Amino acid sequence: MSALVEIDNLHKRFGTLEVLKGISYSVQPGEVVGVIGPSGGGKSTMLRCINHLEKYEKGSITFDGILVDEKKVNINQVRSRIGMVFQHFNLFPHKTVMQNLLLAPLKVKKVALPQAQEKAKELLKRIGLLDKADAHPGNLSGGQKQRVAIARALMMDPRLMLFDEPTSALDPELVGEVLDVMKELAKNGMTMIVVTHEMGFAREVCDRIIFMDQGVIAEDSPPEQMFTNPKNPRTQDFLRKVI
Amino acid sequence: MPEIVRSFPFLLQGALITLWLTLASGFFGTIIGTLAGMGRLSAMKALRYPSSVYVEFIRGTPLLVQIYIIYFGLPSLGLDLKPFTAAVVALTINAGAYTAEIVRAGIQSIDKGQMEAARSLGMTGWQSMFHVILPQAFRNVLPALGNEFIALAKESSLVSVIGIAELTRQGQYVISRTFKSFEIYGGVALIYFALTFSMSQIVGWVEKKVKIP
C-alpha cells in the first residue's frame, strides 16, 4: 500500500529563524499519527505546510500521489480533500452552525443543497449537536465549537484530517467531548495527523508518535515505545516534564 | 406666510436631488472603495500600488478641485459629462477613497484564522473574501460607513458650483430672490440635518439587524 502523505526533507524559515530543518516522514492510509514536542519546535508549522497554509523553501510534500507544491496543482482542490481543525476553531461567526457546514460543500464541491443538508444533519447528529443547527457559534461552548469545526471539515469528505492542537484552547472539562469525536473518527479509519499536548490521547489513539524538537523529528516510534522507553534524551527530558 | 414655508416645496426638490446624489455616489463609492480597500491589502503590486495612489491622491486633494477637474477639465480631454453625471462621478471617486480606508480597516479587523479556515476548506481567495471576510468586515465598520455616508450627504452641497439644483443651490436661488439669508440657510441646514439624522437612524437599525449573536 502506498503512503497517503509523504513529506520529504521539508525546510521552512521565518526570516532568519529556521523552524523546520529537514522533516521527512510518511503516513499510511488509515494511520493516526500524533505529533508532540515542546512549543516552538515546528509542529504546527509542519502541519500547516501540508495544506499549504505555510509556504516552504525546500523539500516536497506528496498527498495521495500528487506532488502538492507543483505550480500546476490546483491547491484548492487538494485542500478540499484535506480537513483541518484549528486550535481556535475558526468557525465563521456570522453564519449558523448549519451554514458553517454547508458553505464549502455548496461553493467548492457544488453539492446540491438537499444532499448537503442531509449530510450536515447526519454529522451533527453524530457529534450530538443536531439541536444547535440554527445556533450561531457565539452561543456555543468551546467544546461544542470544536466539534462543529470537525464536522465542518468532515463535510468535504476529506481523505486526511489535520488537527492543530484541537483541545489547547478548551477548558479542561470540555477536552473530553472533543477527544471522543476524534477517537470515533480514528476508529472509523480516518487518516489523521494530530498535533497535541494530550499525552493520554496520543498514547491511546495514535498508531505512531512523532516527537519534534528544534525543527527536526527527534524520534518517531509507536506510542508504547515512545512513552515507556524513549530513546532520544530530548524525548526523555520532554516526557518527564509533561507526564 | 414666512418665506421658508413658501419656499419649502422648492427646497424639498433640492433635498431630493441631494438624496439621489448621496445614494448614487454612496452606492458606487462603496463598490469602488471595497475594490480599492482589498487592492491595498493585495499581495500583488499591480493591485496594491494603483489602489494606494488612488486613495492617497483623492484624500490629499480638495473635493471642490476634483469636481472642477471632472466637470471643467475632462472636456478638454474629450470627455464631456453632463452636470449630474459629473457630480455623481466626482462624489463617487471621492467617497470611494475614504471607503477604501474603512474597508481596509474592516478586513484587517478580521482574525486571519477566518481566511485560513476558508482556504483550508478549498475555497478560493475570492470565495473566502466574499462569503467569509467581507460580511464580517462590513459589520465591523458599519458605524464608520454610516459616518462616510453622512459626510457624503453634506459634501454633496459642493456640486452646487457646477449648477446642480441640489438643496444648497436651491437655497441660494431663493435667497437671491428674497434676500432672507438667515431664514433660508437656517431652513436648508435643518433639512440637511433631517436627512443625515434619518441616515444615522437607519444605519443604527441596520447595525442591530445584522449584529452577530
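How many residues of chain B are in contact with chain A, and how many residues of chain A do they meet? The legends below describe a predicted model.

**View 1. The contact between chain B and chain A.** In this model, 26 residues of chain A are in contact with 20 residues of chain B. About 1,900 Å² is buried between chain B and chain A, and carbon and sulfur atoms give 60% of that area. On the chain B side, the most area is lost to chain A by Ser120(B), Leu121(B) and Pro213(B). Together these three residues account for 32% of what that side buries.

View 2. Glu116(B) forms a salt bridge with Arg48(A), and the closest N and O atoms of the pair are 2.7 Å apart. Residue pairs in polar contact between chain B and chain A, with both residues at pLDDT 80 or more, number 6.

Two elements of chain B, helix 5 (112–120) and helix 6 (125–155), each give two or more residues to the side that touches chain A. Helix 5 of chain B provides the largest share of that side, 7 residues. By residue class, the side of chain B that touches chain A divides into 8 nonpolar, 8 polar and 4 charged residues.

**View 3. The largest nonpolar core.** This core has 51 residues. Those with the most contacts inside it are Leu101(A), Ile150(A), Met161(A), Phe163(A), Met182(A), Leu185(A) and Met192(A). Helix 6 of chain A (residues 172–187) contributes 8 residues, the largest share of this core. In soluble globular proteins, nonpolar side chains tend to be buried together.

**View 4. The surroundings of Met161(A).** Residues up to four places away in sequence are not counted here. Met161(A) touches Gly83(A) and Val85(A), as well as Ile150(A), Ala153(A) and Leu154(A). Leu185(A) is also touched by Met161(A), as are Met190(A), Thr191(A), Met192(A) and Ile193(A).

View 5. Asn94(B) is part of helix 4 of chain B, which covers residues 83–108. Is Asn94(B) buried or exposed? Its relative accessible area is 3%, so Asn94(B) counts as buried, the cut-off being under 20%. Apart from neighbours within four places in sequence, the contacts of Asn94(B) are Ile58(B), Leu63(B), Gln66(B) and Glu155(B).

Technical notes. Residues are numbered from 1 along each chain as its sequence is written. Chains are lettered from A and ligands numbered from 1 in the order in which they are written. This is a predicted model: local features need pLDDT of at least 70, side-chain atom pairs count only at pLDDT 80 or more; totals for chains, interfaces and linings use all residues. Side-chain values use heavy atoms; hydrogens and water are left out. A nonpolar core is a set of buried Ala, Val, Leu, Ile, Met, Phe, Trp, Tyr and Cys residues joined through side-chain atoms within 4.5 Å. Buried means under 20% relative accessible area, exposed over 50%, partly exposed in between (1.4 Å probe, protein chains only). Helices (H or I, at least four residues) and strands (E, at least two) are DSSP runs, numbered from the N terminus. Contact means heavy atoms within 4.5 Å. Buried area is the accessible area (1.4 Å probe) that two parts lose on being put together, summed over both. A salt bridge is a side-chain nitrogen of Lys or Arg within 4 Å of a carboxyl oxygen of Asp or Glu. A polar contact is a pair of N or O atoms within 3.5 Å; within protein, one must be able to donate a hydrogen and the other to accept it, and residues adjacent in sequence count only if both atoms are side-chain atoms. Ala, Val, Leu, Ile, Met, Phe, Trp, Tyr, Cys and Pro count as nonpolar, Asp, Glu, Lys and Arg as charged, and the others, Gly among them, as polar.
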